[in-house]
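Work through the exercises below with the sequence and the 3D structure in view. Each task is followed by a solution in steps.

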Amino acid sequence: QVQLAESGGGLVQPGGSLRLSCAASQSGYAIGWFRQFPGKEREGVSCISRFDGSTYVADSVQGRFTISRDNAKNTVYLQMNSLKTEDTAVYYCAATEGLCKWVVTAWDYWGQGTQVTVSS
């Protein structure tokens, strides 16, 4: 069973950047980033495959968010640039031994979440 720990959230002004980290206790998993707005369901943001390192980014953040992986550290990063107020949410990372999917129920393990607030 893999354990995940997110870090890097915080308060940033519109147009600013943040880098989230997801440290996994072991390798061999696809890692996804999701976010949840108050009163809304969790939605997929980005994912990196466990097989070939392919990456996927949701249309809503395309061109602004980038996912990457440091295999030596078992850590996945979400670089968030040009942040907007509507990016304010709790961000979660998740792991699965399967394929990258936007469906929340396809993911087996979750971190505790980190708050990202974009505000002036």
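Cys22 and Cys93 are both buried, where buried means under 20% relative accessible area, exposed over 50%, and partly exposed in between (1.4 Å probe, protein chains only). The model is predicted, so local features need pLDDT of at least 70 and side-chain atom pairs count only at pLDDT 80 or more, while totals for chains, interfaces and linings use all residues. Residues are numbered from 1 along each chain as its sequence is written, and side-chain values use heavy atoms, with hydrogens and water left out.

**Exercise 1. Find the disulfides and state which parts of the chain they tie together.**

Step 1. Apply the criterion: a disulfide is a pair of cysteine sulfur atoms within 2.5 Å. A search of the whole structure gives 2 disulfides.

Step 2. Take Cys22 and Cys93, whose sulfur atoms are 2.1 Å apart. Their link is right-handed, with 70° about the S-S bond. Strands here are DSSP runs (E, at least two residues), numbered from the N terminus.

Step 3. Take Cys47 and Cys100, with an S to S distance of 1.7 Å. This link is left-handed, at -75° about the S-S bond. Cys47 sits in strand 5 (residues 43–48) and Cys100 in the loop between strand 9 and strand 10 (109–110), so the parts tied together are 53 residues apart in sequence. Cys47 is buried at a relative accessible area of 1%, whereas Cys100 is partly exposed at 22%.

Step 4. Count the bonded cysteines along the chain: the pattern is 1-3, 2-4.

**Exercise 2. In what order do the 4 strands of the open sheet stand, and which strands are at the edges?**

Step 1. Two strands pair if DSSP finds at least two bridges between them. The order is 1-3-8-7, with antiparallel pairing.

Step 2. Strand 1 (4–7) and strand 7 are at the edges; each has a single partner strand, so one side of each has no neighbour in the sheet. From one strand to the next the twist averages 15°, using axes that are lines fitted to C-alpha atoms and angles from 0 to 180 degrees between N-to-C directions.

Step 3. Check the pairs. Strand 1 and strand 3 are joined by 4 bridges, and Ala5 is opposite Ala23 in strand 3. Strand 7 and strand 8 are paired over 6 bridges, and Arg69 is opposite Val76 in strand 8.

Step 4. Look at the turn: 4 residues separate strand 7 from strand 8 in a hairpin, and Asn74 there has a positive phi of about 50°.

**Exercise 3. Describe the largest pocket by its volume and its lining.**

Step 1. On a 1 Å grid over the protein atoms alone, a pocket is an open set of points where a 1.4 Å probe fits, with protein on both sides within 12 Å along at least five of seven lines; lining residues have an atom within 4 Å of a point. The volume of the largest pocket is about 180 Å³.

Step 2. The lining has 18 residues, and those closest to the centre are Ser27, Gly28, Tyr29, Arg69 and Asn71.

Step 3. Strand 3 (18–24), strand 7 (65–70) and strand 8 (75–80) each supply at least two lining residues.

Step 4. Sort the lining by type: 8 nonpolar, 7 polar and 3 charged. Ala, Val, Leu, Ile, Met, Phe, Trp, Tyr, Cys and Pro count as nonpolar, Asp, Glu, Lys and Arg as charged, and the others, Gly among them, as polar.

Key: Points joined across faces, edges and corners; volume = space filled by probe spheres on them.
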